[in-house]
Amino acid sequence: MEVWSRTAALAILLVTLIQAQEQQAPVVSKECEDAEKACEADTDCLHRLSALHATCVTNTCQPQCRSAVLNLYQTKLGRGLLRTDMSCLLGPRQEMELCDLVPNGSTLHCTLAKLACEADMLCQAKLDVFVAECEADVSERKCTEKCARRFADTLKTTRGAAFSNCTCWRQDPLCDHLNDHILSACMERATALIDADSSNFTRTNSIDAAKDAPSVAPPSGNGTASAKDDANIASLPAFTTLILSSLTTIFAMLLRR
């Protein structure tokens, strides 16, 4: 009875340690730390970063926070910082995530998406062509086949893809104008063209792969089970694996007594 009481007490202690590990403060990445130090070493970047810390604290998507993010992003060091996981910007990050102002987020504020595109040579080149050839038409809500193609070329770039679902928040006439008069006019047709091109590409590749693929014997049952076991073990967090190993050792020692 005493053995099992000790075992139960040790198990409770180890579970508590696991929970404490899971609830510990977020880890700040070295990438973010280094980028923050580089920004703070530059007077202009530091000034813009200070504005970010001062304004992105209300979680209400105020224009001042938006302006601070956009101003910081316009500097090379600022872009480098904002493109990290932002784990060293815990205060501002929460509001930036809420307001679609995280450059690596799945959804971007349209003005930030435009800045990100302009900072990328390929995306900027495609966007410049679209604006130069089609701005007059799209400002009147017209989208020709040529303009749809030009805008599709922009959306196909890594940074340009953010235009497809970008957002605008209140009190932002510049973003509203960009979204309503430049982006949305050709969005539907450009997206349809991309989907059609992708579908044709996939269909062609599938046909070619079916022709060229060699026949492969299915793996044996033992091999499959072993692979699954290895995958399950590899997926366990290192800390949890250590705890489980410790529990196993403790139980073995107690049972030998």
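Me: Angles under 35 degrees count as roughly parallel, over 145 as roughly antiparallel, 65 to 115 as roughly perpendicular and the rest as oblique. With that in hand, why are H3 and H4 called roughly antiparallel to each other?

Reply: The axes of H3 (residues 43–55) and H4 (residues 63–73) cross at roughly 155° and come within 9 Å. Axes are lines fitted to C-alpha atoms, for helices over the stretch in contact, with angles from 0 to 180 degrees between N-to-C directions. Since roughly 155° is over 145, H3 and H4 are roughly antiparallel. H3 also passes H4 in a left-handed crossing (left-handed if the near helix is turned anticlockwise from the far one by less than a right angle, right-handed if clockwise).

A word on the ground rules: this is a predicted model, in which local features need pLDDT of at least 70 and side-chain atom pairs count only at pLDDT 80 or more, while totals for chains, interfaces and linings use all residues. Residues are numbered from 1 along each chain as its sequence is written, and side-chain values use heavy atoms, leaving out hydrogens and water.

Me: What makes up the contact of H3 with H4?

Reply: On the H3 side you will find Cys-45, Arg-48, Leu-49, Ala-51, Leu-52 and Thr-55, and on the H4 side Gln-64, Cys-65, Ala-68, Val-69, Asn-71 and Leu-72 (contact means heavy atoms within 4.5 Å). Sorted by class, that contact has 8 nonpolar, 3 polar and 1 charged residues. Nonpolar covers Ala, Val, Leu, Ile, Met, Phe, Trp, Tyr, Cys and Pro, charged covers Asp, Glu, Lys and Arg, and the others, Gly among them, are polar. Arg-48 is therefore the charged residue in that contact.

Me: How do you know that Val-69 is buried?

Reply: The relative accessible area of Val-69 is 0%, and buried means under 20%, exposed over 50%, and partly exposed in between, with a 1.4 Å probe and protein chains only. So Val-69 counts as buried. Not counting residues up to four places away in sequence, Val-69 touches Leu-52, Cys-56, Leu-82, Met-96 and Leu-101. Leu-49 is 20 residues from Val-69 in sequence and 8.4 Å away in space, C-alpha to C-alpha.

Me: Is Asn-59 buried, exposed or in between, and how do you know?

Reply: Asn-59 has a relative accessible area of 34%, so it is partly exposed. Asn-59 sits in the loop between H3 and H4, and its phi is near 60°, a positive value in a residue other than glycine. Met-86 has a positive phi of about 60° too, although it is not a glycine. Met-86 is in the loop between helix H5 (76–82) and helix H6 (90–98), but at 1% relative accessibility Met-86 counts as buried.

Me: What makes Phe-130 and Phe-151 an aromatic pair, and why is the pair called tilted?

Reply: Rings of Phe, Tyr and Trp (its six-membered ring) pair if their centres lie within 6.5 Å; planes under 30 degrees apart count as stacked, over 60 as edge-to-face and the rest as tilted. Phe-130 and Phe-151 are 4.9 Å apart centre to centre, with 35° between the planes, so they pair and are tilted. A search of the whole structure finds 1 aromatic pair. Phe-130 lies in helix H8 (residues 121–138) and Phe-151 in helix H9 (residues 145–155), so the pair ties together parts that are 21 residues apart in sequence. Phe-130 is buried at 1%, as is Phe-151 at 0%. Helix H9 also holds Ala-152, which is buried at 2% and touches Ala-190 and Ile-194, not counting residues up to four places away in sequence.

Me: Why is Ser-106 called exposed?

Reply: Its relative accessible area is 70%, so Ser-106 is over the mark for exposed. Ser-106 lies in the loop between H6 and helix H7 (110–118). Ala-162 is 56 residues from Ser-106 in sequence but 7.7 Å away in space, C-alpha to C-alpha.

Me: How many helices and strands are there?

Reply: The protein has 12 helices and 0 strands. Helices (H or I, at least four residues) and strands (E, at least two) are DSSP runs, numbered from the N terminus. Buried residues make up 30% of the 257 residues in the protein.
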